[in-house]
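Here is a quick briefing on one protein model. Keep the structure in view as you read.

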Amino acid sequence: MAQLEGEWLRRNPRRPVAAGRTREGARERVGGEAATPGTPAT
């Protein structure tokens, strides 16, 4: 998966990265919040 993401980033270097998709952004999430918007937390 890391290889695919690296390739995608090489092909789209100016694409903004959503903060929630980084480790730091994930750590800032509230405990009950779903990982994907619109998806109920389990």
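Buried residues make up 5% of the 42 residues in this protein. The model is a predicted one. The protein has 2 helices and 0 strands.

**Salt bridges**
- The count of salt bridges is 2.
- E7 pairs with R10, at 3.1 Å from N to O.
- E7 also pairs with R11, where the closest N and O atoms are 2.5 Å apart.
- Together, E7, R10 and R11 are linked in a network.
- E7 and R10 sit 3 residues apart in helix 1, about one turn.
- R11 and E7 are 4 residues apart in helix 1, so about one helical turn separates them.
- E7 has 29% relative accessibility, so it counts as partly exposed.
- R10 is exposed, with a relative accessible area of 59%.
- R11 is exposed too, at 62% relative accessibility.

**Nonpolar surface patch**
- W8, L9 and V17 form a nonpolar patch on the surface.
- Their accessible area together is about 300 Å².
- V17 lies in the loop between helix 1 (2-11) and helix 2 (23-28).
- V17 counts as exposed because its relative accessibility is 57%, and the cut-off for exposed is over 50%.

**Largest pocket**
- The largest pocket holds about 350 Å³ of space.
- Its lining includes W8, L9 and V17, which also form the nonpolar patch.
- Other lining residues include L4, E5, R15 and T22.
- By type, the lining has 6 nonpolar, 1 polar and 3 charged residues.

Conventions
Residues numbered from 1 in each chain as written. Predicted model: local features only at pLDDT ≥ 70, side-chain atom pairs only at ≥ 80, totals over all residues. Heavy atoms only, no water. Patch = residues over 30% accessible without salt bridge, like charges linked within 9 Å, V, L, I, M, F, W, Y side chains within 5 Å. Areas by Shrake-Rupley, 256 points an atom, 1.4 Å probe, with all protein chains shown as cover. Salt bridge = Lys/Arg side-chain N within 4 Å of Asp/Glu carboxyl O. Buried < 20%, exposed > 50% of the residue type's maximum accessible area, 1.4 Å probe, protein only. 1 Å grid on protein atoms, 1.4 Å probe; cavity = no way out; pocket = protein on both sides within 12 Å on 5 of 7 lines; lining within 4 Å. Points joined across faces, edges and corners; volume = space filled by probe spheres on them. Nonpolar A, V, L, I, M, F, W, Y, C, P; charged D, E, K, R; others polar.
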